[in-house]
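Q: Could you walk me through this model, starting with the helices and then moving on to the sheet and a few single residues?

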Amino acid sequence: MKKWILISTSIVLIASISYYYFRENKSELITLETSKAYYGYIANSITATGTIQPLDTVSVGAQVSGVVKKIYADYNSIVKKGQLLAQIDPSIILAQKEVANSNLTNARSNLTFQESNFYRQKTLYSKDIISKSEYEIALNQYNVAKSTVNNTLAQLRITNKNLSYTDIYSPIDGMVLNRNVSEGQTIASSFNAPTLFVIAKDLTKMQVRAAVDEADIGEVKSGQNVSFTVDAFPTEVFKGTVKDVLLHAKVTANVVTYTTLINVDNTNLKLKPGMTASINIYTKEDAKALLIPSKSLSFKPDSLAEKQFVIVKVKKAIPSENPEIKTAHIWRKSGDTLFEKIITIDMNDDVNVKITEGLSEGEEVIIDAQKSAENTTTNATQKSPFMPQMGRRNTSKPSK
């Protein structure tokens with residue numbers, strides 16, 4: 001029993017000495033990762049989605065009812081202002097015109113008769129041959145005849161105008177985006193003018209209608225730069241400019257958004273109406289900002305760094321009276337000393353941060369620390385003192 005206790009004690013002792021032997025021959029060191037302050041571009045942005053639409057579209061409708069007799073334009077047709085697009089069968093309106101002309105002839109004939117009768121009755125009345133009531137009846141019939149002629153003339157003008165509406169012309173130069181009728185189709189314009197064509201004025205200038213969340217809309221202003229992508233060209237970034245923010249809010253599933261109009265140049269005609277855009281609106285930009293990595297703001301020396309370097313901290317910064325001024329703490333290295341410094345910052349895009357005060361171009365800041373194990377033993381073949389040492393085998397023969 002004593003023999004086993006002695007063996008166990010020896011094993012524990014050997015293991016402990018071996019552990020501390022190897023531990024003393026290996027120590028952890030810190031390798032600091034630094035970066036220099038440099039001038040570059042930085043921006044703050046918000047994201048949104050939107051739909052691409054032509055800058056200006058016109059819906060061409062019909063003001064008269066009838067059967068579509070002829071169509072002269074189709075989808076994607078390039079049209080000029082005043083070009084004939086379609087024609088409605090004018091036969092009914094032509095018949096109405098004939099009726100109006102006939103009524104006008106009758107009205108004018110009656111006016112001639114009533115005028116002659118009035119002046120005759122007027123002469124007789126002046127000589128006291130007829131009574132005053134007979135004179136007034138003649139005057140009234142003459143006035144009614146004149147009114148009837150004017151009314152019939154107005155009806156004829158309306159009929160002629162309706163006849164002109166049977167020819168549908170393009171009001172602008174542009175491209176036909178949509179055609180809603182076909183030849184032989186009957187259209188009724190009793191209450192609302194039916195839309196026959198939708199024409200885009202200029203597809204080289206498009207507009208993105210972006211839905212911006214209410215939490216972000218306060219930062220959006222006219223003139224801000226915009227970039228966006230569409231699924232049709234996923235690797236290409238398109239540019240635009242904020243034109244205006246519409247004050248009418250939209251509520252969808254309890255989410256409030258505001259429509260923001262973004263003007264886009266489409267000279268190459270790649271963008272099509274109706275495409276969905278993934279949008280970045282740059283609310284704040286600086287092309288010549290002094291930058292350092294954002295990681296540097298979160299670096300702090302740990303206990304291991306305190307063993308390897310001299311740590312010099314600064315007092316807590318006094319809060320600025322201006323709430324727009326933000327301060328941050330960074331660390332710099334000089335020899336075996338790490339010293340803390342307070343800087344003033346502005347924009348932060350989670351990759352870089354803009355420095356407004358406290359650093360100069362080229363100055364290095366610490367952004368990270370990597371721990372590494374260093375073996376202090378110089379002899380790579382050194383082994384535990386408790387390992388059996390193999391001596392050189394003596395191959396010589398013993399002397400006799």
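Predicted model: local features only at pLDDT ≥ 70, side-chain atom pairs only at ≥ 80, totals over all residues.

Q: Let's start with α2; what span should its residues cover, and what is the distance between its end C-alpha atoms?
A: Helix α2 runs over residues 91-126, and because 36 residues at 1.5 Å a residue should span 52 Å, the 52 Å between its end C-alpha atoms agrees with the expectation.

Q: Which residues of α2 are buried?
A: The buried residues of α2 are I93, A100, L104, A107, L111, Q114, N117, F118 and Q121, and what covers them includes helix α3.

Q: Why would residues three or four places apart point the same way?
A: An α-helix has 3.6 residues a turn, so residues at that spacing point the same way.

Q: And what does the backbone do just after α2?
A: Just after the helix, D128 takes a positive phi of about 60°.

Q: How many aromatic pairs does the structure hold?
A: The structure holds 7 aromatic pairs. One of them joins F118 and Y135 in a tilted arrangement, with 5.8 Å from centre to centre and 35° between the planes. Since F118 lies in helix α2 and Y135 in helix α3 (residues 132-164), this pair ties together parts that are 17 residues apart in sequence.

Q: Buried or exposed, that F118?
A: F118 counts as buried because its relative accessibility is 6%, below the 20% limit for that class, and Y135 is buried too, with a relative accessible area of 17%.

Q: Which pair does F118 form with Y142, stacked or tilted?
A: The pair of F118 and Y142 is stacked, at 5.4 Å centre to centre and 10° between the planes. F118 belongs to helix α2 and Y142 to helix α3, so this pair ties together parts that are 24 residues apart in sequence. Both F118 and Y142 are buried.

Q: Which residues form the aromatic cluster?
A: One aromatic cluster is formed by F118, Y119, Y125, Y135 and Y142.

Q: Changing topic, what is the strand order in the open sheet?
A: The open sheet is formed by 4 strands in the order β3-β10-β8-β5, with antiparallel pairing. Strands β3 (57-61) and β5 (78-79) stand at the edges with a single partner strand each, so one side of each is left without a neighbour in the sheet.

Q: How many bridges are there between β8 and β10?
A: Strand β8 (residues 174-179) pairs with strand β10 (residues 195-200) over 4 bridges in the antiparallel sense, and R179 has F197 as its bridge partner in β10.

Q: What about I187, where is it found and what does it touch?
A: I187 is found in strand β9 (residues 186-187), and it counts as buried because its relative accessibility is 5%. Setting aside residues up to four places away in sequence, I187 touches A62, V64, S65, G66, V68, I88, V181, P194 and L196. I187 and V64 are 123 residues apart in sequence, yet their C-alpha atoms are 8.2 Å apart in space.

Q: Now the charged residues: where does the charged end of K270 sit?
A: The charged end of K270 sits over the ring of F233, 5.3 Å from the ring centre.

Q: And R332, buried or exposed?
A: R332, which is found in strand β17 (residues 326-334), is buried with a relative accessible area of 17%. A polar atom of the R332 side chain lies 2.8 Å from the backbone oxygen of E364. Leaving aside neighbours within four places in sequence, the contacts of R332 include L338, F339, L359 and E363.

Conventions. Residues numbered from 1 in each chain as written. Heavy atoms only, no water. Helix = DSSP H or I, 4+ residues; strand = E, 2+ residues; numbered from the N terminus. Buried < 20%, exposed > 50% of the residue type's maximum accessible area, 1.4 Å probe, protein only. Contact = heavy atoms within 4.5 Å. Pairing = 2+ DSSP bridges. Phe/Tyr/Trp six-rings, centres within 6.5 Å; stacked < 30°, edge-to-face > 60°. Lys NZ or Arg CZ within 6 Å of the ring centre and 35° of its normal. Polar contact = N/O pair within 3.5 Å; in protein donor to acceptor, adjacent residues only side chain to side chain. Expected span 1.5 Å × (residues − 1).
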